[in-house]
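Let's take a walk through a protein model together. Keep the sequence and the 3D view open, and look for each residue as it comes up.

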Amino acid sequence: SRVYGLDQNRANSTSLVDGAEAASSLLSASSNIGPDTWQRVNTQANTGTFSYFAANTNGYSEKLLTSPWLDVTSGTAGMSFALRYDTEGDATQRWDGVVLEARTRAGVDGTPGAWTDIGSNSSVAYDGPLFNNTAVGPSRPAWSGTQTTWRTATVPLGAFNGSQLQFRFRFVSDQNTANVGFWLDDVNLTGVGAKALPTCDSTCN
């Protein structure tokens, strides 16, 4: 048998909102490369007091801020978020930055598909391709450079209607110059329901 967690079970909800104000975030931070990851900070915020922040260090890093699995329940589903950043890069060359990716599965027992870019569909366009010495590979477009005014981006998710979706903000940097970093706030999804993964009880096999 299976025990279904309730802390993220929002089967009757049609939205997911995370403004970084609560310590018990729905978004989980992790790191594939480097000693640090995303964190909640009160140094900048689009609204409220807190935002999520990934520091732009002078070493290889890959920092992930990942959602729970979401049931996309509407052909007009979408997400919005506020972003602000000061990362290594300029109009002639960009080194460090953030991409937005998603993957899908057919249900809780489905095998997740590969991560694919969805930030390219954002109303706030990527600034340009990163150089080829980060974890995302060569010439990958990203939010990079200096944009210190908060902007609100929207991304349509209706193409995923009927699937389960997981998304992540992926910060990458190379081994050279440090800068400040990337702030994220007011993540808001509509046309979705959030559920936790099932866990096994003592009789599960």
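S30 is partly exposed, with a relative accessible area of 30%; partly exposed is the range between buried, under 20% relative accessible area, and exposed, over 50% (1.4 Å probe, protein chains only). You'll find S30 in strand β3, residues 28-33. Strands here are DSSP runs of E with at least two residues, numbered from the N terminus. What does S30 touch, leaving out residues up to four places away in sequence? The answer is T37, E62, K63 and L64, where contact means heavy atoms within 4.5 Å. Also look at T66: 36 residues separate S30 and T66 along the chain, yet their C-alpha atoms are 8.1 Å apart.

A quick word on what you're looking at: this is a predicted model, where local features need pLDDT of at least 70 and side-chain atom pairs count only at pLDDT 80 or more, while totals for chains, interfaces and linings use all residues. Residues are numbered from 1 along each chain as its sequence is written, and side-chain values use heavy atoms, with hydrogens and water left out.

Now try another serine, S61, in strand β6, residues 61-66. S61 is buried, with a relative accessible area of 2%. Its side chain makes a polar contact with the side chain of S173, at 2.6 Å. A polar contact is a pair of N or O atoms within 3.5 Å; within protein, one must be able to donate a hydrogen and the other to accept it, and residues adjacent in sequence count only if both atoms are side-chain atoms. Setting aside residues up to four places away in sequence, S61 touches I33, F171, V172 and S173.

Next, the rings. A pair of aromatic rings is described by the distance of the centres and the angle of the planes. The structure holds seven aromatic pairs; rings of Phe, Tyr and Trp (its six-membered ring) pair if their centres lie within 6.5 Å, and planes under 30 degrees apart count as stacked, over 60 as edge-to-face and the rest as tilted. One of them is F53 with W183, a tilted pair at 4.9 Å centre to centre and 40° between the planes. F53 lies in strand β5 (residues 51-55) and W183 in strand β15 (residues 181-190), so this pair ties together parts that are 130 residues apart in sequence. F53 counts as buried at 10% relative accessibility, and W183 is buried at 7%. Another pair is Y126 with W143: the centres are 4.7 Å apart and the planes stand at 70°, so it is edge-to-face. W143 is buried at 0% relative accessibility. Ring pairs also link F81, Y126, W143, F167 and F169 into a cluster.

Last stop: strand β8, residues 78-86. Why is it described as largely enclosed by the rest of the structure? Because nine of its nine residues are buried. In a regular strand the side chains alternate between the two faces of the sheet. Both faces of β8 are covered, with G78, S80, A82, R84 and D86 buried on one side and M79, F81, L83 and Y85 on the other. As for its neighbours, β8 and β13 run antiparallel and are joined by eight bridges; two strands pair if DSSP finds at least two bridges between them. There, S80 stands opposite T154 in β13. β8 also pairs with β15 in the antiparallel sense, over eight bridges, and A82 has D185 in β15 as its bridge partner.

How values were computed
Helices (H or I, at least four residues) and strands (E, at least two) are DSSP runs, numbered from the N terminus.
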